[in-house]
Structures are given as structure tokens and as C-alpha cells.
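Trainee: I have a model open in the viewer and I'd like to learn how to read it. Could you walk me through it, feature by feature?

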Amino acid sequence: MKILFVAAEVAPIAKVGGMGDVVGSLPKILRKQGHDVRIFIPYYGFLPDKLDIPAEPIWWGDAMGQEFTVYSTLLPETDIPLYLFGHQTFARRNIYGDHDEYWRFTFFANGGAEFAWNYWKPDIVHCHDWHTGMIPVWMHETPDISTVFTIHNLAYRGPGRDLLQQITWCPEYMRGENAIAAALHFANVVNTVSPTYARQIQTPEYGEGLHELLSWINDKLIGIVNGIDTDNYNPATDRFIAQNFTIQTLDQRFRNKVKLQEESGLEINRSTFLVGMVSRLVEQKGIDLVLQIIDRFLGYTDAQMVILGTGDRNYESKLWDISNRHRGRISVQIVHNEALSRRLYSGVDAFLMPSRFEPCGLSQLLAMRYGAIPIVRKTGGLLDTVSFFDPHNEQGTGYCFDQYDALDLYTALIRAYEGYRFKKDWQKLQVRAMKQDFSWDKSAQKYIEIYKQVMPLVNISEDEKQEIAIAS
Ligand SMILES: Nc1ncnc2c1ncn2[C@@H]1O[C@H](COP(=O)(O)OP(=O)(O)O[C@H]2O[C@H](CO)[C@@H](O)[C@H](O)[C@H]2O)[C@@H](O)[C@H]1O
């Protein structure tokens, strides 16, 4: 099958959060399975620092009354063709946060559709989040291209219908009040990134105002849990961490902790309980709960914390204030730093993720991969990927709490703090967490199934049709 991924982010060259990880890792597995997967992203101003891009474009196009160019290169260290949508609106060095965000990503999506119609025609355009929400609308009358739309974050719904009508071709028949809603109506299949979240978004509490529409389309809505790139994120070979280790050499892991304490200005002590967070600092991630309990937690225990993240100014400055009050006990790093994130995953004892909602979450998977025990709220993908630690039966992989409530979080943190004193049990818990299979293998298979389901009939050869008939 020929599949074009269209997205605003791709790791490792243009990543803000988890969507970038997915777009950077799933295509590798799909290509290994013999599918021709290619990626289309904006040509951001910082990309020439990160990869070789030929000076000459491969294609010129028009969308929304503007000309654009497309450049062709490869995703670093892969054979995946990467197409860059070139226009000066993307020449800036940031991905998000500008006043014209709705315009420029709708323009990008339109460019992606033009590219798929006119230059490299895929069987399926796989669209990611609101930035690409209009593609299923534009494509739905193209008989030889189908669309899959993945919701990584429903909280961002993109431009409303009025703006879309002003800036782009928004056909009369289009339904949906914003870019995401339009995608939900017109994509051939919609998925989100865990089964629990796929159910939750059909309720008013999690549906961001779209729960009725999501329930209505539920026969084409599925949840597929994310994987991680286990070659790239491997504690045995990771070149960014101080000490490589495996399950067999877990006793060496403390060197990463000491290094992290040193690097973050914390008191160096390998037996102090160290909790970490790597997160976008936004409402979704439960930062307000953390702010409510942090003084008490540091006051009543001798634990330490390292927080790495960027996001809302308000959260950034409150965390910064706290770090000034508890010097040597908590380190707050307001930067986006991939290498430091790996040193954090490999050095902390426990990893905190008290999300208000969580479509899947990759950070808890990375934490487990690196032997850090997750402390999570039981919601969305966190519920699907972290199981309750039961020391008596030696089961479970982390500490979980139910309610979005500061006391519940505090109790879970204290349980983990106490649990850490029982070194043997803790080590068994680490081994169980590290043994979990978070590779893409199973989930990639599920994506292949949905691609097959929506494969345009006109693109299927007679032989393949016969195979399908036999199989069904
Ligand atoms: N300051 C920083 N420095 C370095 N690295 C940082 C960082 N802040 C975050 N990261 C990295 O960004 C990624 C975050 O991924 P998550 O999936 O946990 O959350 P996110 O909300 O961004 O993703 C959304 O999309 C993904 C993908 O579908 C869903 O899993 C998730 O639930 C949904 O909210 C991790 O790789 C993490 O290490």
C-alpha cells in the first residue's frame, strides 16, 4: 500500500510532543512490512540545521491563492521519503504559537492535498490532528484516495467553520463546526491512540464538545495504543545517557541518577527517592495538581524532584518559584531538550503523570522502558498501559490513582515513596516495567488492518480482491 502521512511534527527533526514521536516511528515499521510510506511536513526555518535539503524543489504548487514549493529528502537514518512544504510562512523557527497558526496549517493541509492529487498519489492519506482536518473533506470525492484521521489531541480543534469559509475552499456540503469535526465526518476511518480514550471521548466529560458526533461515528472510530521506537529508546545503547544498562545490569542504573542529580543541581545521594516529569506544561498534564501538593510532599519527605517541560507561562513561573524555595530538592528545567529527557527517564526512580486526560501518553512508556516507575492517574492510555502495583502477588507496573484530586495524587506519591524503601520489591517492579512490550509491532498491525479496510476499491488488483474474498 502507498500511504502518505501528513502532519505538523515528525521526530527527531520537528517534535514538540508525542504526535511527533508517532509520525517519526510508525512509518519505519510500516515500511519494514513492505508498505510505501512517505511523510509530508512543513519546511520549518530550523530544518536546514538538522538535515540535508537539496536547494532545488521537486514540485511547485498552488493552494489558497499562494504558490508553494515541495522539497524532497529522507527522514534522518531511515529510507523514508520526507517531503517538505516550502513557503515563507513556515520560515520562522517555531512550530506553534503564532497568531496566524490556523491560516498557515490550513494552507499546509491544502498543499498536502494538492501534492497527493498531483505529484505522488497514495492509496491512503493518513492525517494527524486538526492541522490536517480539512484533508478528509477535500479528499472524500477522490475515488482512488482514502483517508485515515488520527486524534492525538482533541483539546485542539483548529479553526472554526467561519474562518475556514473565509480562507479556504469549504464546500457547501461540509459538516462540522471546526477542522477536527470536519475530519470526523469525512475521514474513512478515525482513530485515537488508546481504546480507553476512544471510549471516553464519546462522553461529555472528555469529548471536548464533540462527544455526540464521536458517538454517532463510533462504527468507524477505534482506539489503537501507541508504541515507541524501541531501537531509538533503548537503555542498553542510548548514547545520551551516562550509563547504559539492561535488566541484567540494573544495579548500574544508579550512575544515571547520580549524574542527573549532579547535572540538575540536586543534592547527590543515590538512596534519596527521586521523582521526575517530562511534559508539556499545559492543563491536560495535571500541573495544577502537582502545584497543589509539591510543597507538602517536599516538606514531609526527603524526596527530590526534577521537572523538564515548557508550556503555559503561568505554570512555568509557578514551578520556577517553587524550585527557588526548595533549592537542592527540586530542579525545574524550562527547556525542550531531548538528551536531558533521556537522562531523566534513565535516572529517576519514579515518573509522575497525573493527567487530567491522556489520549495515550508516551512518556510513561519511555519511563518504564528506562526502569522508572510510573505514578499515573487512571485515565485514557495511562489506564491501558500502566497496571496497578500489587506487591503481595508481585503484579503490576506502577502506582495509579483514580480521581483528579490533589489528595489522591499525594497519596499515590507517598505510597511510591514508601514502596521505594523495599529495595527488593522495587527492583522486581522495575524489571516488570522494563519487560513490557511497548514496541510498535502489534499496533502497526492494527493500522495495517484499518488501511486495508479503507483501501480504495479501484486501487485493488483482481488478485488482491480474490485474496480478500477468500479471507472473508
Ligand atoms: N521539555 C521537553 N524536552 C524533551 N522532550 C519533551 C519535553 N516535553 C515533552 N517531551 C517529549 O514529548 C513526548 C510527549 O509525549 P506524550 O505522548 O506523553 O504527550 P503529548 O501530550 O505531547 O502527546 C499527545 O500525542 C501523543 C501521541 O499520540 C499521545 O500519546 C498523548 O496522549 C497526546 O497528549 C515524549 O517523547 C516526551 O519525552
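**Domains and overall build**

Mentor: Let's start with the domains, whose bounds come from an automatic or database domain assignment. Here that assignment gives domain 1 (2-227 + 440-471) and domain 2 (250-435). Keep in mind that this is a predicted model, where local features need pLDDT of at least 70 and side-chain atom pairs count only at pLDDT 80 or more, while totals for chains, interfaces and linings use all residues. Residues are numbered from 1 along each chain as its sequence is written, and side-chain values use heavy atoms, with hydrogens and water left out.

Trainee: How far apart are the C-alpha centres of the two domains, and how many residues of each are in contact?

Mentor: The C-alpha centres of domain 1 and domain 2 are 32 Å apart. Contact means heavy atoms within 4.5 Å, and 22 residues of domain 1 are in contact with 19 residues of domain 2.

Trainee: How many helices and strands does the protein have?

Mentor: Both are DSSP runs numbered from the N terminus: helices are H or I with at least four residues, strands are E with at least two. The protein has 17 helices and 15 strands. Its radius of gyration is 23 Å, close to the 23 Å that the globule rule gives for 472 residues, so the protein is as compact as a globular protein of that length. That radius is taken over C-alpha atoms, and the rule is 2.2 Å times the number of residues to the power 0.38.

Trainee: And what share of the residues counts as buried?

Mentor: Buried means under 20% relative accessible area, exposed over 50%, and partly exposed in between (1.4 Å probe, protein chains only). Of the 472 residues, 59% count as buried. As for contacts between residues at least 6 apart in sequence, 69% join residues at least 24 apart.

**A helix on the inside**

Trainee: Why is helix α11 described as largely enclosed by the rest of the structure?

Mentor: Nine of the ten residues of α11 (residues 338-347) are buried, so the helix is largely enclosed. Among the buried ones are R342, R343 and Y345. The cover includes α8 (254-264), β10 (274-281), β11 (304-311), β12 (330-333), β13 and α12.

**Loops worth a look**

Trainee: What about Q403; which residues does Q403 touch?

Mentor: Q403 is in the loop between β15 (399-401) and α14 (406-419). With residues up to four places away in sequence not counted, Q403 touches R377 and D408.

Trainee: Which residues have a positive phi although they are not glycines?

Mentor: M64 has a phi of about 45 degrees, and E208 has one of about 50 degrees. M64 lies in the loop between β3 (59-63) and β4 (66-74), while E208 is in the loop between α6 (195-200) and α7 (211-216).

Trainee: Are those two buried or partly exposed?

Mentor: M64 is buried, with a relative accessible area of 18%, whereas E208 is partly exposed at 28%.
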